[in-house]
Amino acid sequence: VEEYVYDIRDKLYGDFEPFITEEDREKFSVVLGNTEDWLYEEGEDQPKQVYLDKIAELKKSGEPVRARYKEEQERPTAFEDLGKTLQQYRKVLDLYSQQDEKYSHIEAEEMKKVEKEVAEKQSWLDG
């Protein structure tokens, strides 16, 4: 619990700051401070379940912020990977249109579906 309090509090005013409103950050900081006080007072010799309940309650507020931060960090790579995948599909579509025998077993209707999906995903990516 102590480690979580210190870790999340530091990040709330650092890396996580853009991913939480000022009002929510202030409220959560108060909760973190109260939890820290509790730890050094009546929380010193509690059963394990009490600590597990405390950390679970803190994570209800902290983990959504952490998830937004993580998503922001991973988004550029995900976009790049999507772009590469779409490029691979376009190559397959091009080879199919050139009647490459490797793809001759695929029905034209199926390839039209692929072409439509690729166009939609590319439009979304470019959007």
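Colleague: Is Thr35 buried or exposed?

Modeller: This is a predicted model, in which local features need pLDDT of at least 70 and side-chain atom pairs count only at pLDDT 80 or more, while totals for chains, interfaces and linings use all residues. Thr35 lies in helix H2; helices (H or I, at least four residues) and strands (E, at least two) are DSSP runs, numbered from the N terminus. Under 20% relative accessible area is buried, over 50% is exposed and anything in between is partly exposed (1.4 Å probe, protein chains only). With a relative accessible area of 6%, Thr35 is therefore buried.

Colleague: And which residues does Thr35 touch, not counting residues up to four places away in sequence?

Modeller: Residues are numbered from 1 along each chain as its sequence is written, and side-chain values use heavy atoms, with hydrogens and water left out. A contact means heavy atoms within 4.5 Å. Leaving out residues up to four places away in sequence, the ones that Thr35 touches are Val1, Val5 and Leu58.

Colleague: What relative accessibility does Ser29 have?

Modeller: Ser29 is also found in helix H2. Beyond residues up to four places away in sequence, Ser29 touches Leu12 and Tyr13. Ser29 counts as buried, at a relative accessibility of 15%.

Colleague: Let's move on to helix packing. At what angle do the axes of H2 and H3 cross?

Modeller: Axes are lines fitted to C-alpha atoms, for helices over the stretch in contact, and angles run from 0 to 180 degrees between N-to-C directions. The H2 and H3 axes come within 11 Å. Their crossing angle is roughly 165 degrees.

Colleague: Is H2 roughly parallel or antiparallel to H3?

Modeller: Angles under 35 degrees count as roughly parallel, over 145 as roughly antiparallel, 65 to 115 as roughly perpendicular and the rest as oblique. H2 and H3 cross at roughly 165 degrees. That angle makes the pair roughly antiparallel.

Colleague: Which residues of H2 make the contact with H3?

Modeller: On the H3 side, the contact uses Val50, Tyr51, Lys54, Leu58, Ser61 and Gly62. Ala, Val, Leu, Ile, Met, Phe, Trp, Tyr, Cys and Pro count as nonpolar, Asp, Glu, Lys and Arg as charged, and the others, Gly among them, as polar; on that basis the contact has eight nonpolar, three polar and one charged residue. The H2 side is made by Phe28, Val31, Leu32, Thr35, Trp38 and Leu39.

Colleague: Now for helix H1. Within what arc do its buried residues fall?

Modeller: H1 covers residues 2-12, and its buried residues are Tyr4, Val5, Ile8 and Leu12. The arc is that of the directions from the helix axis to the C-beta atoms. Seen down the axis of H1, the buried residues line one face of the helix, so they fall within an arc of 100 degrees.

Colleague: Which exposed residues does the face of H1 turned away from its buried side carry?

Modeller: The buried residues of H1 pack against helix H2 and H3. On the face turned away from that buried side, the exposed residues are Glu3 and Asp10.

Colleague: Is the crossing of H1 and H3 left-handed or right-handed?

Modeller: The axes of H1 and H3 come within 11 Å and cross at roughly 30 degrees, which makes H1 roughly parallel to H3. A crossing is left-handed if the near helix is turned anticlockwise from the far one by less than a right angle, and right-handed if clockwise. For H1 and H3 the crossing is left-handed.

Colleague: How far apart are the axes of H3 and H4?

Modeller: H3 spans residues 48-97 and H4 spans residues 108-126, and they pack at an angle of about 150 degrees. H3 and H4 are therefore roughly antiparallel to each other. Among the residues that meet are Phe79 and Tyr96 in H3, and Met111 and Trp124 in H4. The axes of these helices are separated by 10 Å.

Colleague: One last thing, in the loops. What is the phi of Gln99?

Modeller: Gln99 sits in the loop between H3 and H4 and is exposed, with a relative accessible area of 71%. Most residues other than glycine have a negative phi. The phi of Gln99 is a positive value, near 60 degrees.
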